[in-house]
There are 2 protein chains.
Amino acid sequence: MAEEHAVIQVALDRASPVPLYFQLAEQLTSAITDGHAQPGDPFENEVAMSERLGLSRPTVRRAIHHLVDQGLLVRKRGLGTFVASRRVHRRVSKGSLYEDLSIQGRHPSTEVLKVASEQYPKAATALELDPGTELLALRRLRFADGEPLAIMQNWLPPRHSSITQEQLEARGLYAVLRDHGVGSVVAHQSVSARLPTAEERALLKISSRLPVIAVSRTAFDPSGAPVEHAEHVYRSDGYTIDLVLEEN
Amino acid sequence: MAEEHAVIQVALDRASPVPLYFQLAEQLTSAITDGHAQPGDPFENEVAMSERLGLSRPTVRRAIHHLVDQGLLVRKRGLGTFVASRRVHRRVSKGSLYEDLSIQGRHPSTEVLKVASEQYPKAATALELDPGTELLALRRLRFADGEPLAIMQNWLPPRHSSITQEQLEARGLYAVLRDHGVGSVVAHQSVSARLPTAEERALLKISSRLPVIAVSRTAFDPSGAPVEHAEHVYRSDGYTIDLVLEEN
DNA sequence: AAGTGGTCTAGACCACTGA
DNA sequence: CAGTGGTCTAGACCACTTT
């Protein structure tokens with residue numbers, strides 16, 4: 001007995017340089033995030049989908065696996081593939097950590113306070129440069145519904161000194177970095193809590209009794225080269241991270 | 001010209017229920033983490049390895065891809081595969097978040113303070129149970145070199161009430177949960193900072209002026225069923241997370 | 001028994017890199 | 001140019017779950 005399942009319309013372009021499995025994965029992802037397939041719904045099986053789309057089974061499999069990795073689908077041997085519960089959807093790309101404060105349902109905005117060249121021995125050391133190296137220093141203020149939530153300071157090595165305030169305001173730091181050839185990174189991050197400085201109290205509009213969360217991070221590209229050093233200060237009202245654990 | 005590369009000895013058991021690609025991936029991982037292959041070293045290419053081991057190229061590819069995902073290897077089209085810089089090795093499994101305080105080089109230990117059945121409406125609600133449900137409550141104290149670092153409180157649904165203090169002391173919470181059939185989970189985690197309560201000051205041996213980091217987390221299995229609710233309190237001296245960003 | 005996903009093979013062609 | 005990884009195919013067999 002064939003279970004009911006949504007038939008997802010897919011348009012493949014074999015002339016495109018984008019791999020077929022990726023084209024398929026993106027369109028399946030859209031179908032789920034757009035709500036055309038609901039959590040718990042059975043998903044079309046591999047064999048049927050490969051016949052319907054004129055693709056080999058491994059290619060379809062690879063696309064589906066992509067969605068499983070992101071938590072959009074759950075596969076059960078002998079049973080089938082199902083759309084996962086919405087809450088186990090993993091946020092891919094930078095959303096999982098960067099700039100991901102507790103902005104659920106609130107309107108986020110960013111004000112760029114400073115884009116300048118300066119020396120900061122601590123960051124230079126973290127970036128494996130001479131302590132006196134001139135770094136590109138960024139200072140931004142993050143808001144939710146107009147209320148200040150975080151002070152974000154970043155230092156980048158000189159090779160990125162062409163970044164401008166306009167680019168940052170339009171696209172965000174990591175979008176700009178991607179244009180500079182920075183793809184995936186691994187970050188080593190340290191979290192601590194302390195009382196705010198006078199300057200932080202003023203910027204975040206908090207009292208001296210309310211602690212802040214201080215995050216210090218250095219990011220490296222896959223070859224191990226340092227990409228950026230960040231020191232962010234958050235209001236202690238809580239910010240949220242979605243994390244995947246126990247890879248298995 | 002064939003570049004020098006370490007030839008990694010691999011023993012495959014085709015009779016084993018463990019997939020070949022996984023057997024291979026584990027032995028390649030060991031070779032790197034044991035230092036038989038050093039960061040920057042060129043790695044044997046796919047075709048040569050598949051011929052040497054009598055495996056098909058897709059199977060070898062899958063094993064290598066596994067290591068790339070963990071940041072152990074870096075592949076460069078047209079160039080080859082190389083052992084990654086040590087610092088971009090991702091800690092897989094639970095190490096990436098759970099119980100991963102700043103214990104670098106220090107001796108960790110855990111004291112189990114309580115294993116009991118109790119009601120806690122907040123946790124029960126997070127676990128999607130009736131607020132009056134009896135939950136398994138765990139309370140543990142985490143040390144580094146004998147110094148208290150964190151108070152860890154966890155609540156589990158009744159189906160795990162068979163967990164004992166002996167199991168926890170011997171193997172840790174997530175190792176025990178794995179025996180209960182809990183594999184990978186997705187956690188939604190909220191981080192905030194506040195001043196410690198009197199009880200927290202006593203347990204962590206800190207003054208009332210030193211803030212603590214409060215982490216609240218609920219973990220779900222791949223089907224979306226709640227697995228555990230945790231409320232952990234850390235000393236603010238800083239704890240470290242290693243995170244992977246920008247999946248790409 | 002039928003249907004599902006999980007693994008594996010043996011090829012093929014292409015895109016990119018460096019000499 | 002030769003060598004590398006990236007993609008894709010068309011099958012095969014197995015393990016698991018439900019009917």
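Me: Which strand of chain B holds B:A230?
Reply: This is a predicted model, in which local features need pLDDT of at least 70, side-chain atom pairs count only at pLDDT 80 or more, and totals for chains, interfaces and linings use all residues. Residues are numbered from 1 along each chain as its sequence is written, while chains are lettered from A and ligands numbered from 1 in the order in which they are written. Strands are DSSP runs of E, at least two residues, and helices are runs of H or I, at least four, both numbered from the N terminus. B:A230 lies in strand 9.

Me: Is B:A230 buried or exposed?
Reply: A residue is buried if 20 or more other C-beta atoms lie within 10 Å of its own, exposed if 12 or fewer, and partly exposed in between, with C-beta atoms placed from the backbone. B:A230 has 21 other C-beta atoms within 10 Å, so B:A230 is buried.

Me: Which residues does B:A230 touch, not counting those up to four places away in sequence?
Reply: Contact requires C-beta atoms, placed from the backbone, within 7 Å. On that basis, the partners of B:A230 beyond four places in sequence are B:M152, B:Q153, B:N154 and B:R217.

Me: How far apart in space are B:A230 and B:R61?
Reply: In sequence, 169 residues separate B:A230 from B:R61. From C-alpha to C-alpha, the distance is 39 Å.

Me: Which residues have the most contacts inside the largest nonpolar core?
Reply: A nonpolar core is a set of buried Ala, Val, Leu, Ile, Met, Phe, Trp, Tyr and Cys residues joined through C-beta atoms within 7 Å. The largest has 29 residues. Strands 6 (147–156), 7 (185–194), 8 (212–220) and 9 (226–235) of both chain A and chain B each give two or more residues to this core. Those with the most contacts are A:I213, A:Y234, B:I213 and B:Y234.

Me: Which residues of chain B does A:I213 touch?
Reply: Leaving out residues up to four places away in sequence, A:I213 touches A:V191, A:A193, A:Y234 and A:S236 in chain A. Its partners in chain B are B:V191, B:A193 and B:I213.

Me: Which element gives the most to the surface near DNA strand C?
Reply: A residue is near a strand if its C-beta atom, placed from the backbone, lies within 6 Å of it. Of the 21 residues around DNA strand C, A:N45, A:G78, B:L20, B:T59 and B:G78 come nearest. With three residues, the top contributor is helix 3 of chain B.

Me: And which element gives the most to the surface near DNA strand D?
Reply: Around DNA strand D there are 21 residues, of which A:L20, A:T59, A:G78, B:N45 and B:G78 come nearest. The top contributor, with three residues, is helix 3 of chain A.

Me: Is A:S56 buried or exposed?
Reply: A:S56 sits in the loop between helix 2 and helix 3 of chain A. A:S56 has 12 C-beta neighbours inside 10 Å, so A:S56 counts as exposed.

Me: What percentage of residues 18–86 of chain A is helix?
Reply: UniProt, in an unreviewed entry, places "domain: HTH gntR-type" at these residues. UniProt positions follow the numbering used here, feature names are shortened, and annotations may be inferred rather than shown by experiment. The end C-alpha atoms are 28 Å apart.

Technical notes:
Two residues are in contact if their C-beta atoms, placed from the backbone, lie within 7 Å.
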